[in-house]
Structures are given as structure tokens and as C-alpha cells.
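Subject: Structure handover

Hello,

Here is the structure you were expecting, with the sequence alongside. My notes on it follow below.

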Amino acid sequence: MNLVRMLRAQAGRYRCAVCSRGMGDCEITVLAQQENRALVRVRCVRCHDENLLQIVLQTDDMPEELLADDKPPIAADEVLDLHQLLSSHTGDLVSLLSGRGREDGNTGA
Ligand SMILES: [Zn+2]
């Protein structure tokens, strides 16, 4: 699985929140990866603004029970903060990054 390549393809649709540079050529570093989750650092090449992203990989061939993992390997507060920050963006990357783990009750409109 080439996670970085997949993320870079998605990142090209977005701009840095600080300097508005397109993120297609940003630095992407996978800090940790466990099962279907990964912690990724994305760094703007112009202003060097860094964001940590928690990635939940969508896998079609895994049972639902495994996807709903009861022991989250990544649970850093700053990741949640950045996740909320990124949620203000619109587009497909958000749905990719938030995966199926949304628990904020958006569906009850
Ligand atoms: Zn930037």
C-alpha cells in the first residue's frame, strides 16, 4: 500500500490554510501506522506549516467489527484539534481523513 502516494493525490486539491499554496507538493511523512489507521504529518513547502492528520483507511474486505476497533492506537489531543481544523475545509479529503469514525452526531439534521 502506498499511503503517501494516495494522500499526495488527494492533497493536490487543497491549499495550505496559512499561505494558500497548493498542497500537491507538500511533504508527507507517515509517523505511525497500525492496522487501518495512520498518523501522518503534512508540511507546507512554502511556509512550513505542519498539520498532523489521523487517517482511517477504508477497506472493503474487513469485517465491520475490525473497523470499529475498540483500542484506538492514535489518540492524541492535537490530532483531534487538527482534525477539527481540517473539517472546516470542504472536499473529498475531509471524508477520507475522517473515515468512518465520526462521532459528532452530524447525521441527526
Ligand atoms: Zn503554507
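Strand 2 and strand 3 run antiparallel and are joined by seven bridges. In this pairing V40 sits opposite L53 of strand 3. The two strands make a hairpin with six residues between them, and H48, which lies in that turn, has a positive phi of about 65°. Please keep in mind throughout that this is a predicted model.

On its other pairing, strand 2 (residues 37-43) meets strand 1, again in the antiparallel sense and over seven bridges. I28 is placed opposite V42 of strand 2, and Q33 has A38 as its bridge partner. Strand 1 and strand 2 also form a hairpin, here with two residues between them. E35 is in the turn and has a positive phi of about 50°.

Put together, the three strands give an open sheet with the order 1-2-3 and antiparallel pairing. Strand 1 and strand 3 (50-56) are at the edges; each has a single partner strand, so one side of each has no neighbour in the sheet. On average, neighbouring strands of the sheet are turned by 20° against each other, direction ignored. As background, the strands of a sheet pair through backbone hydrogen bonds, either parallel or antiparallel.

What lies across the sheet? Helix 1 lies across strand 1 and strand 2, and runs at about 130° to strand 1. The covered face of strand 2 consists of A38, V40 and V42, while R37, L39, R41 and R43 are on the uncovered face. In a regular strand, side chains alternate between the two faces of the sheet.

Which residues form the largest nonpolar core? There are nine: L7, M23, C26, A38, V40, V42, C44, L53 and I55. Strand 2 and strand 3 each contribute at least two residues to this core. Strand 2 gives the largest share, three residues. One of the core residues, C26, touches A11, V42, R43, C44 and V45, leaving out residues up to four places away in sequence.

- T29 belongs to strand 1 (residues 27-34). T29 is exposed because 12 other C-beta atoms lie within 10 Å, and a residue with 12 or fewer counts as exposed. Apart from neighbours within four places in sequence, T29 is in contact with V40 and R41. The C-alpha atoms of T29 and V4 are separated by 7.3 Å, although these residues are 25 residues apart along the chain.
- R13 is in the loop between helix 1 (3-11) and strand 1. R13 has 13 C-beta neighbours inside 10 Å and so counts as partly exposed. Its C-alpha atom is separated by 7.2 Å from that of M23, 10 residues apart along the chain.

Finally, the chain as a whole. The protein chain has four helices and three strands, and along the sequence they follow the pattern α-β-β-β-α-α-α. Of its 109 residues, 10% count as buried. Among contacts between residues at least 6 apart in sequence, 48% join residues at least 24 apart.

Regards

Note on methods. Residues are numbered from 1 along each chain as its sequence is written. This is a predicted model: local features need pLDDT of at least 70, side-chain atom pairs count only at pLDDT 80 or more; totals for chains, interfaces and linings use all residues. A residue is buried if 20 or more other C-beta atoms lie within 10 Å of its own, exposed if 12 or fewer, and partly exposed in between; C-beta atoms are placed from the backbone. Two residues are in contact if their C-beta atoms, placed from the backbone, lie within 7 Å. Two strands pair if DSSP finds at least two bridges between them. Axes are lines fitted to C-alpha atoms, for helices over the stretch in contact, and angles run from 0 to 180 degrees between N-to-C directions. A nonpolar core is a set of buried Ala, Val, Leu, Ile, Met, Phe, Trp, Tyr and Cys residues joined through C-beta atoms within 7 Å.
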